[in-house]
Amino acid sequence: MRIATWNVNSVRARLARLEAWLAEARPDVVLLQETKCQDEQFPREPLEELGYQIASFGQKTYNGVAILARQRIEGVELGLGDERFDAEARVISAQVGEYLVASVYAINGQEVGQPRYHDKLAWYASLRARLAERFPLSEKVVIGGDLNVTRDDLDVYDPRAWHEKILCSTSERAALGAVLELGYADGLRHFHPAGGVYTWWDFRTRAFERGNKGLRIDYLLLSPPALATCNAVEVDLDARRGAKPSDHAPVVATLA
DNA sequence: ATGGTGGCGAGGCCA
(Lines give C-alpha, C1' and ligand atoms only; values in the text may rest on other atoms or scores of the structure.)
Protein backbone atom coordinates (compact mmCIF):
# COMPACT_ATOMS: atom_id res chain seq x y z
CA MET A 1 0.00 0.00 0.00
CA ARG A 2 1.41 3.36 -1.00
CA ILE A 3 -0.22 6.62 0.03
CA ALA A 4 1.01 9.89 -1.45
CA THR A 5 0.38 13.57 -0.87
CA TRP A 6 1.01 16.18 -3.56
CA ASN A 7 0.22 19.86 -3.90
CA VAL A 8 -0.21 19.94 -7.68
CA ASN A 9 -0.80 23.70 -8.00
CA SER A 10 -3.82 23.28 -10.31
CA VAL A 11 -4.98 19.79 -11.28
CA ARG A 12 -5.91 21.03 -14.76
CA ALA A 13 -2.59 22.72 -15.47
CA ARG A 14 -0.79 19.68 -14.02
CA LEU A 15 -2.92 16.98 -15.66
CA ALA A 16 -0.25 15.66 -18.03
CA ARG A 17 2.35 15.56 -15.25
CA LEU A 18 -0.13 13.95 -12.84
CA GLU A 19 -1.13 11.30 -15.37
CA ALA A 20 2.49 10.46 -16.12
CA TRP A 21 3.33 10.27 -12.44
CA LEU A 22 0.34 8.04 -11.61
CA ALA A 23 1.18 5.71 -14.49
CA GLU A 24 4.79 5.42 -13.36
CA ALA A 25 4.56 5.55 -9.57
CA ARG A 26 1.20 3.77 -9.34
CA PRO A 27 0.34 4.90 -5.80
CA ASP A 28 -2.76 3.33 -4.25
CA VAL A 29 -4.04 6.56 -2.70
CA VAL A 30 -3.16 10.15 -3.64
CA LEU A 31 -4.07 13.14 -1.49
CA LEU A 32 -4.08 16.24 -3.69
CA GLN A 33 -3.99 19.89 -2.71
CA GLU A 34 -4.45 23.14 -4.63
CA THR A 35 -6.58 21.58 -7.33
CA LYS A 36 -7.82 25.13 -8.08
CA CYS A 37 -11.09 24.20 -9.75
CA GLN A 38 -14.71 23.54 -9.03
CA ASP A 39 -15.78 19.91 -8.82
CA GLU A 40 -17.49 19.99 -12.21
CA GLN A 41 -14.21 21.13 -13.79
CA PHE A 42 -12.16 18.35 -12.19
CA PRO A 43 -10.58 16.18 -14.92
CA ARG A 44 -12.19 12.96 -13.72
CA GLU A 45 -12.24 10.86 -16.88
CA PRO A 46 -8.50 10.71 -17.61
CA LEU A 47 -7.75 9.83 -13.99
CA GLU A 48 -10.53 7.25 -13.86
CA GLU A 49 -9.04 5.67 -16.96
CA LEU A 50 -5.85 5.18 -14.99
CA GLY A 51 -7.85 3.19 -12.45
CA TYR A 52 -8.59 5.81 -9.80
CA GLN A 53 -11.79 6.68 -8.03
CA ILE A 54 -12.07 10.35 -7.15
CA ALA A 55 -13.51 12.43 -4.35
CA SER A 56 -13.00 16.16 -4.70
CA PHE A 57 -13.77 19.28 -2.72
CA GLY A 58 -13.08 22.22 -4.97
CA GLN A 59 -13.87 25.87 -5.44
CA LYS A 60 -13.23 28.48 -8.09
CA THR A 61 -9.62 29.65 -8.59
CA TYR A 62 -8.15 28.88 -5.17
CA ASN A 63 -7.49 25.98 -2.81
CA GLY A 64 -9.23 22.67 -3.54
CA VAL A 65 -8.40 19.18 -2.23
CA ALA A 66 -9.08 15.69 -3.53
CA ILE A 67 -8.57 12.00 -2.89
CA LEU A 68 -7.67 9.53 -5.64
CA ALA A 69 -7.78 5.82 -4.80
CA ARG A 70 -7.49 2.53 -6.61
CA GLN A 71 -10.22 1.12 -4.37
CA ARG A 72 -13.56 2.30 -3.06
CA ILE A 73 -13.66 5.70 -1.36
CA GLU A 74 -16.26 5.72 1.41
CA GLY A 75 -17.57 8.12 4.02
CA VAL A 76 -16.32 11.30 2.38
CA GLU A 77 -16.39 14.36 4.62
CA LEU A 78 -15.67 17.93 3.57
CA GLY A 79 -14.22 20.74 5.64
CA LEU A 80 -13.53 21.15 9.33
CA GLY A 81 -17.12 21.55 10.47
CA ASP A 82 -16.18 25.15 11.28
CA GLU A 83 -18.20 27.83 9.51
CA ARG A 84 -15.34 30.30 9.88
CA PHE A 85 -13.23 28.27 7.47
CA ASP A 86 -15.34 25.90 5.42
CA ALA A 87 -16.08 28.39 2.64
CA GLU A 88 -12.52 27.56 1.59
CA ALA A 89 -11.99 24.04 0.25
CA ARG A 90 -9.07 22.88 2.39
CA VAL A 91 -9.95 19.53 3.95
CA ILE A 92 -11.43 16.29 2.61
CA SER A 93 -11.38 12.95 4.38
CA ALA A 94 -12.58 9.44 3.62
CA GLN A 95 -12.18 5.78 4.43
CA VAL A 96 -10.15 3.83 1.85
CA GLY A 97 -9.91 0.18 2.79
CA GLU A 98 -8.49 0.00 6.29
CA TYR A 99 -7.11 3.55 6.13
CA LEU A 100 -8.82 6.73 7.24
CA VAL A 101 -7.19 9.38 5.08
CA ALA A 102 -7.39 13.14 4.79
CA SER A 103 -6.04 15.68 2.34
CA VAL A 104 -5.33 19.01 3.97
CA TYR A 105 -4.28 22.38 2.58
CA ALA A 106 -3.34 24.81 5.33
CA ILE A 107 -3.80 28.55 5.07
CA ASN A 108 -0.53 30.08 3.86
CA GLY A 109 -0.68 33.17 6.06
CA GLN A 110 0.99 35.57 3.63
CA GLU A 111 3.27 37.30 6.14
CA VAL A 112 3.86 37.09 9.89
CA GLY A 113 1.49 39.44 11.69
CA GLN A 114 -0.88 39.94 8.77
CA PRO A 115 -4.59 39.14 9.19
CA ARG A 116 -4.20 35.91 7.23
CA TYR A 117 -1.40 34.87 9.57
CA HIS A 118 -3.77 35.09 12.51
CA ASP A 119 -6.40 33.25 10.45
CA LYS A 120 -3.83 30.54 9.91
CA LEU A 121 -3.21 30.04 13.62
CA ALA A 122 -6.97 29.94 14.30
CA TRP A 123 -7.43 27.49 11.43
CA TYR A 124 -4.77 25.24 12.96
CA ALA A 125 -6.61 25.18 16.27
CA SER A 126 -9.76 24.20 14.38
CA LEU A 127 -7.89 21.46 12.52
CA ARG A 128 -6.54 20.10 15.77
CA ALA A 129 -10.01 20.05 17.31
CA ARG A 130 -11.46 18.28 14.28
CA LEU A 131 -8.75 15.63 14.30
CA ALA A 132 -9.16 15.07 18.04
CA GLU A 133 -12.91 14.67 17.59
CA ARG A 134 -13.19 12.63 14.40
CA PHE A 135 -9.94 10.76 13.75
CA PRO A 136 -9.41 7.95 16.27
CA LEU A 137 -5.71 7.34 16.84
CA SER A 138 -6.46 3.64 17.37
CA GLU A 139 -7.27 3.46 13.64
CA LYS A 140 -4.86 3.52 10.72
CA VAL A 141 -5.00 7.23 9.98
CA VAL A 142 -2.90 8.94 7.31
CA ILE A 143 -3.20 12.71 6.98
CA GLY A 144 -1.42 14.14 3.98
CA GLY A 145 -1.12 17.73 3.11
CA ASP A 146 0.54 20.99 2.38
CA LEU A 147 0.61 22.21 5.97
CA ASN A 148 2.48 25.40 5.03
CA VAL A 149 4.78 25.20 8.06
CA THR A 150 8.33 23.95 8.56
CA ARG A 151 8.61 21.85 11.67
CA ASP A 152 12.01 23.23 12.62
CA ASP A 153 15.18 24.52 10.98
CA LEU A 154 16.07 21.05 9.68
CA ASP A 155 13.30 21.70 7.15
CA VAL A 156 14.87 24.94 5.89
CA TYR A 157 17.77 25.23 3.41
CA ASP A 158 18.75 28.63 4.81
CA PRO A 159 17.45 28.97 8.38
CA ARG A 160 19.06 32.38 8.86
CA ALA A 161 17.28 33.87 5.84
CA TRP A 162 13.96 32.35 6.93
CA HIS A 163 14.25 33.11 10.65
CA GLU A 164 10.74 33.99 11.95
CA LYS A 165 9.50 34.44 8.40
CA ILE A 166 6.20 33.02 7.17
CA LEU A 167 6.28 29.19 7.10
CA CYS A 168 9.00 29.28 9.77
CA SER A 169 7.72 31.34 12.68
CA THR A 170 7.63 30.02 16.23
CA SER A 171 3.84 30.35 16.49
CA GLU A 172 3.22 28.43 13.27
CA ARG A 173 5.56 25.67 14.39
CA ALA A 174 3.78 25.51 17.72
CA ALA A 175 0.43 25.21 15.94
CA LEU A 176 1.73 22.29 13.88
CA GLY A 177 3.35 20.83 16.99
CA ALA A 178 0.00 20.84 18.76
CA VAL A 179 -1.43 18.71 15.94
CA LEU A 180 1.46 16.26 16.13
CA GLU A 181 1.08 16.10 19.90
CA LEU A 182 -2.33 14.52 19.44
CA GLY A 183 -0.23 11.42 18.77
CA TYR A 184 0.74 11.55 15.10
CA ALA A 185 4.13 10.67 13.75
CA ASP A 186 5.72 12.98 11.20
CA GLY A 187 6.30 10.26 8.61
CA LEU A 188 8.98 11.90 6.49
CA ARG A 189 10.97 13.08 9.50
CA HIS A 190 10.64 9.66 11.13
CA PHE A 191 12.53 8.07 8.25
CA HIS A 192 14.84 11.05 7.64
CA PRO A 193 15.68 12.32 11.13
CA ALA A 194 18.61 14.45 9.95
CA GLY A 195 16.30 16.66 7.87
CA GLY A 196 17.50 18.47 4.78
CA VAL A 197 14.68 16.82 2.82
CA TYR A 198 12.49 19.39 1.12
CA THR A 199 9.12 19.32 -0.61
CA TRP A 200 8.63 22.88 -1.94
CA TRP A 201 10.88 25.20 -3.91
CA ASP A 202 9.84 28.76 -4.80
CA PHE A 203 9.24 29.35 -8.51
CA ARG A 204 10.13 33.00 -8.13
CA THR A 205 13.70 32.45 -7.04
CA ARG A 206 14.14 29.29 -9.15
CA ALA A 207 14.92 27.64 -5.84
CA PHE A 208 14.95 24.10 -7.20
CA GLU A 209 17.05 24.77 -10.27
CA ARG A 210 19.55 26.84 -8.29
CA GLY A 211 20.32 23.82 -6.14
CA ASN A 212 17.67 22.37 -3.86
CA LYS A 213 17.01 25.59 -1.98
CA GLY A 214 13.76 24.31 -0.57
CA LEU A 215 11.58 23.99 2.47
CA ARG A 216 9.66 21.03 3.80
CA ILE A 217 6.05 22.09 4.22
CA ASP A 218 4.27 18.92 2.98
CA TYR A 219 3.57 16.11 5.43
CA LEU A 220 2.28 12.61 5.90
CA LEU A 221 1.05 12.32 9.49
CA LEU A 222 0.65 8.74 10.69
CA SER A 223 -1.35 7.41 13.63
CA PRO A 224 0.48 4.78 15.70
CA PRO A 225 -1.10 1.80 13.85
CA ALA A 226 -0.26 3.40 10.51
CA LEU A 227 3.31 4.10 11.58
CA ALA A 228 3.66 0.50 12.72
CA THR A 229 3.03 -0.73 9.16
CA CYS A 230 5.06 1.98 7.44
CA ASN A 231 8.35 0.95 5.83
CA ALA A 232 9.41 4.16 4.13
CA VAL A 233 8.47 7.75 3.39
CA GLU A 234 10.20 9.47 0.48
CA VAL A 235 10.02 12.63 -1.63
CA ASP A 236 9.80 12.08 -5.39
CA LEU A 237 12.16 14.73 -6.70
CA ASP A 238 11.75 13.62 -10.31
CA ALA A 239 8.24 15.07 -10.24
CA ARG A 240 9.76 18.50 -9.53
CA ARG A 241 12.09 18.26 -12.56
CA GLY A 242 11.32 18.83 -16.21
CA ALA A 243 8.62 20.78 -17.98
CA LYS A 244 5.71 22.44 -16.20
CA PRO A 245 6.26 21.03 -12.72
CA SER A 246 4.30 21.95 -9.63
CA ASP A 247 6.32 23.95 -7.13
CA HIS A 248 5.82 21.01 -4.73
CA ALA A 249 7.06 17.43 -5.00
CA PRO A 250 4.98 14.39 -3.97
CA VAL A 251 5.66 12.63 -0.67
CA VAL A 252 5.01 8.89 -0.72
CA ALA A 253 4.57 6.48 2.21
CA THR A 254 4.99 2.74 1.72
CA LEU A 255 2.87 0.74 4.15
CA ALA A 256 2.72 -3.01 4.61
C1' DA B 1 12.92 46.37 0.66
C1' DT B 2 11.78 44.55 -3.70
C1' DG B 3 11.15 41.33 -7.22
C1' DG B 4 11.47 37.28 -9.12
C1' DT B 5 7.56 32.92 -11.62
C1' DG B 6 3.28 30.55 -12.07
C1' DG B 7 -2.02 29.78 -12.12
C1' DC B 8 -6.48 31.62 -12.73
C1' DG B 9 -8.96 34.20 -15.82
C1' DA B 10 -8.97 38.27 -18.01
C1' DG B 11 -6.94 42.56 -13.94
C1' DG B 12 -5.43 41.55 -9.74
C1' DC B 13 -5.04 38.09 -6.19
C1' DC B 14 -2.67 34.51 -4.16
C1' DA B 15 1.28 31.65 -3.40
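A residue is counted here as near a strand or molecule if one of its heavy atoms lies within 4 Å of it. The structure is a predicted model, in which local features need pLDDT of at least 70 and side-chain atom pairs count only at pLDDT 80 or more, whereas totals for chains, interfaces and linings use all residues. Residues are numbered from 1 along each chain as its sequence is written, chains are lettered from A and ligands numbered from 1 in the order in which they are written, and side-chain values use heavy atoms, with hydrogens and water left out.

Around DNA strand B there are 16 residues, of which Ser10, Arg14, Thr61, Tyr62 and Arg204 come nearest. Of the atoms of DNA strand B that come within 4 Å of the protein, 71% belong to sugar and phosphate. The surface near DNA strand B is made up of seven charged, five polar and four nonpolar residues, where Ala, Val, Leu, Ile, Met, Phe, Trp, Tyr, Cys and Pro count as nonpolar, Asp, Glu, Lys and Arg as charged, and the others, Gly among them, as polar. An N or O atom in the side chain of Ser10 is 2.5 Å from a phosphate oxygen of DNA strand B, a polar side-chain atom of Tyr62 is 3.3 Å from a base oxygen, and a polar backbone atom of Phe203 is 3.4 Å from a sugar or linking oxygen.

Ser246 belongs to the loop between strand 11 (230-235) and strand 12 (251-255), helices (H or I, at least four residues) and strands (E, at least two) being DSSP runs numbered from the N terminus. Ser246 counts as buried because its relative accessibility is 1%; buried means under 20% relative accessible area, exposed over 50%, and partly exposed in between, with a 1.4 Å probe and protein chains only. The side chain of Ser246 reaches the backbone oxygen of Asn7 at 2.7 Å, and makes a polar contact of 3.5 Å with the side chain of Asp247. A polar contact is a pair of N or O atoms within 3.5 Å; within protein, one must be able to donate a hydrogen and the other to accept it, and residues adjacent in sequence count only if both atoms are side-chain atoms.

Thr5, in strand 1 (residues 2-7), is likewise classed as buried because its relative accessible area is 1%. A polar atom of the Thr5 side chain lies 3.5 Å from the backbone oxygen of Leu31, and the contacts of Thr5 beyond four places in sequence include Leu31, Gln33, Gly144, Tyr219 and Val251. Leu22, a residue of helix 1 (residues 15-25), is buried because its relative accessibility is 1%. Leu22 touches Pro27, Val30, Leu47, Leu50, Tyr52 and Leu68, with residues up to four places away in sequence not counted.

The structure holds one cavity of 30 Å³ or more, and the space in the largest cavity is about 40 Å³. On a 1 Å grid over the protein atoms alone, a cavity is a set of points where a 1.4 Å probe fits but cannot get out, and a pocket is an open set with protein on both sides within 12 Å along at least five of seven lines, while lining residues have an atom within 4 Å of a point. Grid points are joined across faces, edges and corners, and a volume is the space filled by probe spheres set on the points. The largest cavity is lined by Val104, Tyr124, Leu127, Leu131, Ile143, Leu147, Leu176, Val179 and Leu221, and two elements, helix 3 (115-134) and helix 5 (170-180), each give two or more residues to this lining. The lining comprises nine nonpolar, no polar and no charged residues. Leu176 and Val179 are among the buried residues of helix 5, whose cover includes helix 3, strand 9 (185-186) and strand 10 (218-222).

The largest pocket holds about 600 Å³ of space and is lined by 24 residues, with Glu34, Tyr105, Asn108, Asn148 and Arg204 nearest its centre. Its lining has nine nonpolar, six polar and nine charged residues. Glu34 lies in the loop between strand 2 (29-33) and helix 2 (44-49), and its phi is near 55°, a positive value in a residue other than glycine.

Key:
Contact means heavy atoms within 4.5 Å.
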